[in-house]
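This report describes selected features of a predicted model.

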Amino acid sequence: MFITPAFAAGTAPGGFDLMGFLPMIVIFALFWFLLVRPQQKRAKEQQKMLSEITKGDEVVTQGGILGRVTKAGEQYLTLEVANGVEVQIQRGAVAAKLEKGTLKSL
């Protein structure tokens, strides 16, 4: 008497509803392809660049210091930032590797 016929004919509650999870699956897929995957790709490229730094390369640090690598260790680099002025930095502090001759053009 109080239950409408349409509600009484509905499906039993408690079943697995794929359509309820579909929006969450789509959001997760978008999150993965737009945020996580590009970040992993950039991190892999940065690691490759850091491992390929050798003596004579010109680099810029995350602090904005430009210099030429004079000694390359496993964890530390020695940069010549001016004639006779050398600083030691961690290898991970390198932001980018510059093209040869960039320091001469400055």
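## Nonpolar surface patch

In this predicted model, a nonpolar patch on the surface is formed by Phe16, Leu18, Met19, Phe21, Leu22, Met24, Ile25, Val26, Leu30, Phe31, Leu34 and Leu35. Together, these residues have about 1,300 Å² of accessible area. One of them, Leu18, lies in helix α2, which covers residues 18-51.

## Sheet architecture

The model contains an open sheet of five strands, arranged in the order β4-β3-β2-β1-β5 with antiparallel pairing. Strands β4 (85-90) and β5 (94-98) are the edge strands, and each pairs on one side only. Direction ignored, neighbouring strands of this sheet are turned by 45° against each other on average.

Strands of a sheet pair through backbone hydrogen bonds, in either a parallel or an antiparallel manner. Strands β2 (residues 66-72) and β3 (residues 76-82) run antiparallel and are joined by four bridges. Across this pair, Val69 stands opposite Leu79 in β3.

With neighbours within four places in sequence left aside, Thr78 is in contact with Arg68, Val69, Thr70, Lys71, Glu86, Val87 and Gln88. Among these contacts is Val69, the residue that stands opposite Leu79.

Key
Residues are numbered from 1 along each chain as its sequence is written. This is a predicted model: local features need pLDDT of at least 70, side-chain atom pairs count only at pLDDT 80 or more; totals for chains, interfaces and linings use all residues. Side-chain values use heavy atoms; hydrogens and water are left out. Patches are made of residues with over 30% relative accessible area and no salt bridge: like charges are joined within 9 Å, nonpolar side chains (Val, Leu, Ile, Met, Phe, Trp, Tyr) within 5 Å. Accessible areas come from the Shrake-Rupley method with a 1.4 Å probe; for residues, only the protein chains shown count as cover. A salt bridge is a side-chain nitrogen of Lys or Arg within 4 Å of a carboxyl oxygen of Asp or Glu. Helices (H or I, at least four residues) and strands (E, at least two) are DSSP runs, numbered from the N terminus. Two strands pair if DSSP finds at least two bridges between them. Axes are lines fitted to C-alpha atoms, for helices over the stretch in contact, and angles run from 0 to 180 degrees between N-to-C directions. Contact means heavy atoms within 4.5 Å.
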